[in-house]
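Hi everyone, thanks for making time this morning. I'd like to walk you through one structure, so please have a look at the screen.

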Amino acid sequence: MRIRLFSWLFLMLMICSLSIGFCISALSGQCLGNQQSLLLQLKNSLVFDGASSTKLVHWNQSVDCCSWEGVTCNEGRVIGLDLTNESISGGLDNSSSLFNLQYLQHLDMAYNKFSDEIPSQFDKLTNLSYLNLSNACFTRQIPIAISHLTRLVTLDLSTDYFKCKSRYALKLESPNLKMLVQNLSELMELHLDHVMISANGYEWGTALSSSLPKLRVLSLTYCLLSGPLDSSLTNLQSLSIIHLDDNNFDSPVPESFTNFKNLTSLSLSSSGLNGTFPKKIFQIPTLQTLDLSRNYRLQGSLPEFPLNGSLRMLVLCFTNFSGTLPNSIGNLKMLTLIDLSSCNFNGSIPMSMASLAQLHYLNMSNNNFVESIPSLSMSMNLTTIALYNNNLSGQITSTRWEAFVNLKFLDLRYNSLDGSIPISLFSLPSLQELGLHNNQFSGPLNELPNVSSCLLETLDLSYNNLEGPIPMSLFEIQSLRSLSLSWNNFSGSLQLNVILTMGNLSDLDLSHNSLGLASSKLKTYPHFLINQSMLSNLDLSNNQMHGEIPSWIWKLPHLNSLNLSYNDLETLDLSLLNMSSLSSLDLHSNQLQGQLLVFPEHAKYVDLSKNNFSSVIPASIGNFLTNTYFFSLSSNKCNGSIPISICSATTLVVLDLSDNLLRGTIPQCLFMMTERQGLSTPDLGVLNLCRNNLSGTIPNVFPSNCRLQTLNLNGNQLEGKLPKSLAQCTSLEVLDLGNNHIEDAFPCYLKNISMLHILVLRSNKFYGPIDCRGLNGSLSKLQIVDLAANNFTGMFPIKYFSDWKAIIDDIIEVEYVLNNLQFGRFLPVSSPNPVIGGQESGTNTYYQDVTNIYYQDVITVTMKGLEAKIVKILNIFTSLDFSCNNFDGSIPGEIGELKSLYILNLSHNAFMGQIPPSLGKLSKLESFDLSSNKLIGEIPLQLADGLIFLSVLNLSFNQLVGKIPRIKQFATFSETSYEGNIGLCGFPLKENCTPKEPRSLPPTSDETHSNSKNAIDWNFLSAELGFIFGFGIVIGPLMFWKRWRICYYKHADDIFFKMFPQLYIRIENRQRRAHKNQGRRH
């Protein structure tokens, strides 16, 4: 009975407590009248998109406000308001009823579009502990009112550039950061990302450390903060998260940062850090995330990691970290992401990394890792493996690739991996991108299993040694968007119609193989196959295609780029060329023939060079090239004149009509197209009309802001003078006017063109001395000068080339990055309403997407009498050819200062005197020709000793004497290098030298000076005495002994008569006629 009584009492107590709780709950949840009224006033004052709103749109008077979405109450009072992502626009007025919600503790208005300044009435909300206005697109100065919210625990005023379209919408100037936080002693989280603070390290560092003792989260990314990083920040011992990315500290990370005992996340990417990063920071026990990426001057190395470290994310990409990876990296069992790309790490990848079971992302690309790839056998959660551009070697067949069921991206390109490609890679159920190109994989590629379930979108196996037929199962992967098998040894026949069955394929590159590519015998293909094709880029170049280009190619609706170059194609249905989608067409180096009637109307790149087209260029060609940047018809058989309509192609940047049969004059408007019109309008940068039959003069119409970089008119019939307006083309790098009939003095005004690399005036009628004294300018980049076969006279113009740094500086290879001389230009693309600097505008020019235009310059140089065409002109290749002119005087010794010269040709002039020994300083010289001059003396030993790379030497047909030096390169040349010098002897000539003391290198000036006081050179003295004695023996009797004189003249006369009898008969006849004439006069 007692038990029942207690049970009954307990039950009654439970019912009463539940009833009281329900009553209290009901009372606290009921919205007070004034609170609901204030909220409805707030709703009515805000401008928002009802279709996007999920909260405000449902607020109405018939429902208790405490049950409204986004509203939190306590005892009927509104203490929390969440209006995030409500599409609110316009402003928030200072008179807003929001500021009358005096009990408000939590306010979140993030992700709206207020586009006005933060109201100054926020200080009325004195109970606020949480304020989030992030990405609400407020603008201008943050008001001082925020600093009066002394109960704030969390403050977030950060802005996302992509959300608000403004990089620095908010700023902290007056008040500044110190004034903002001086009263916020309770603050634990501060987010001011993308707020313009513009303070140095001591200012913002001390402002935070002195006012925010409880701070746990600090996020000040992209705030224009400068350094140094102040060590006073370590006073904030509660700090757990520090995000200071995208500032410019220009300082090292203080060693004191190792004292953050509660640090879990440190992110300092793109902050201009330098110096050596403290190793102990890696070893902070609580650290989970470390991001130091894109601090290019930050150095450091990885320490030994303790067991069971907390690190989950390690991002060091694009820094100067170096050294080897410690084996203890395998102790970081919690690691999910490692990005060490683009650093300077070396050594092997530790095998211990195979135990990182939590790893999802691995990127160690662009380093110097060697040896094989570890198996990563326990990292089955990996979605990305990027190890490209290292020195990894060995095979990859030992890895159990089939176990990586989550792998989406595998990039191993640019290594030295070899062996066969595991077929299991193609069976991975999640793999989307596979990059194995630029390795040494070999052998056949077998047929692929289960291609129907394959999700592969990008496959690149190019630049390997794969061979055999291409497996047809590759073309059954319906998800493939990009397939590149170029630069392998694939062979066999491939029917091109299989391409049409791949509905998603947009990029296909099978170039540079040995494939027999052919279309089927069908002339047409089903329209549904053609129309469903997404193919936009097709590259079948350098294979064995022949005959006719398949007509279905021209009907592909999305084809953007087509490259069929380097094949044996012969016929082209020109009526199909007018494709609206085609942007790039490359058919060069085929056997295409016939007449050119139409061109692809919208293409930006058109290359039809090196074919057999034999028609005139259509008079309306300009109408087809209205969008074309690159157009080449070179090396065909086109005839007739250049149509003037070509000047209507105002977008042309490269025009190459060289090596044809064109005649007539050059349209004057072509030269005027080189004028810079502005960023949005391209201008002609390359004009190549060489090796045609063009005539007339070069018009003097080059504009004042000429942007021409290459002008090649070599091999025509041009005449007249060189236009002086050419000097206005200050960007000119290549000027080739050789093999014409231009008659003018040397164009000294070219010194104004400081960018000039190549100057060819060969085989014209230029005349006179080269005297450019008194003219300013620099030719510091000039590397090839060819003035041969003209009528230049006078002394060698050494002063004109005194600033020729490209061949004077011996450190040219250090200062210049080894590269080819080529034309390159980024072309702007117009886009409607792009976003520039946070402001929307009309059609503007920007460089986010650009078209890259490249053109390889070609030059012809003469070596050993033979012309050699150089296709890739290295920026260290230098040549000087003044041959076949009328230069005279001595060869200047200053030429020896042109230390980087590779070719020197001064042949067929009238140079006199001795060969300067200083030419032996031309240590890089490979071709040296001084033939057919009037040089005397011996060959300086300095030449033989210094010209160690010489492969071509010609000193023939001069007046050189003495023994040929037989040392180093001079011992390898044949007789033709020295012929025509009667006084030369020794190998390789047949004339032997009379024995005498062997020549040695002349003494240095110091040695001569030191011995001049005490020594007498008896060699010179004995020669002088011998000459005087012999001269006296012969001349003395002739002067003082008459009988000896008569006898001497008689014998000498007899000798000359025997040598030249005809000459004596003529002289005797003239004497007789003279006597007869004298007799008549008398």
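Let me begin with a definition: two rings of Phe, Tyr or Trp (for Trp, its six-membered ring) pair if their centres lie within 6.5 Å, and the pair counts as stacked with planes under 30 degrees apart, edge-to-face over 60 and tilted for the rest. By that rule, ring pairs join F746, F766, F792, F796, F882, F887 and F911 into a cluster.

A word on where this comes from. It is a predicted model, with local features needing pLDDT of at least 70 and side-chain atom pairs counted only at pLDDT 80 or more, while totals for chains, interfaces and linings use all residues. Residues are numbered from 1 along each chain as its sequence is written, and side-chain values use heavy atoms, with hydrogens and water left out.

Back to the rings. How many aromatic pairs does a search of the whole structure find? There are 22 aromatic pairs. Take F114 and F138: their ring centres are 4.6 Å apart and their planes are at 10°, so this pair is stacked. F114 sits in the loop between β5 (106-108) and β6 (130-132), and F138 in the loop between β6 and β7 (140-141), so to speak a link between distant parts of the chain, 24 residues apart. Helices here are DSSP runs of H or I with at least four residues, strands are runs of E with at least two, and both are numbered from the N terminus. F114 and F138 are both buried, meaning under 20% relative accessible area, where exposed is over 50% and partly exposed is in between (1.4 Å probe, protein chains only).Another stacked aromatic pair is F887 and F911, at 6.4 Å centre to centre with 10° between the planes. F887 lies in strand β65 (residues 886-890) and F911 in strand β67 (residues 910-914), so the pair ties together parts 24 residues apart in sequence. Both F887 and F911 are buried.

Rings also meet charges here. A charge sits over a ring if NZ of Lys or CZ of Arg is within 6 Å of the ring centre and within 35 degrees of the ring normal. R77 has its charged end over the ring of Y103, 5.0 Å from the centre, and R294 has its own over the ring of F318, 4.2 Å from the centre.

Now for the cores. A nonpolar core is a set of buried Ala, Val, Leu, Ile, Met, Phe, Trp, Tyr and Cys residues joined through side-chain atoms within 4.5 Å. Which residues have the most contacts inside the largest nonpolar core? They are L81 and W204, in a core of 262 residues. Helix α2 (residues 33-45) gives the most to this core, with 4 residues. Contact means heavy atoms within 4.5 Å. Leaving aside neighbours within four places in sequence, L81 is in contact with a list of residues including L39, L42, W59, V71, L98 and L107. Apart from this core lies another, of 7 residues, among them V760, I784, F877 and I903.

W204 brings us to helix α5 (residues 201-211), where the buried residues are G201, W204, G205, A207, L208, S209 and S211. What do the buried residues of α5 pack against? Their partners are α4 (177-181), β10 (189-191) and β12 (217-219).

On to the cysteines. A disulfide is a pair of cysteine sulfur atoms within 2.5 Å, and a search of the whole structure finds 7 disulfides. One of them joins C31 to C65, S to S 1.6 Å, and is right-handed, with 85° about the S-S bond. This pair links distant parts of the chain, 34 residues apart: C31 is in the loop between α1 (2-29) and α2, and C65 in the loop between β1 (47-48) and β2 (71-74). C31 and C65 are both buried.

C66 and C73 form a disulfide too, their sulfur atoms 2.1 Å apart. The torsion about the S-S bond of C66 and C73 is about -95°, so this disulfide is left-handed. C66 counts as buried because its relative accessibility is 16%.

Further along, a disulfide joins C706 to C729, S to S 2.2 Å, and this link is right-handed, with 90° about the S-S bond. C706 lies in the loop between β49 (693-697) and β50 (710-712), C729 in the loop between β51 (717-720) and β52 (734-736), and the pair links these distant parts of the chain, 23 residues apart. Both C706 and C729 are buried.

One last stop: is L779 buried or exposed? L779 is buried, with a relative accessible area of 2%, and its place is in the loop between β55 (767-769) and β56 (784-786). L779 and S754 are 25 residues apart in sequence and 5.3 Å apart in space, C-alpha to C-alpha.
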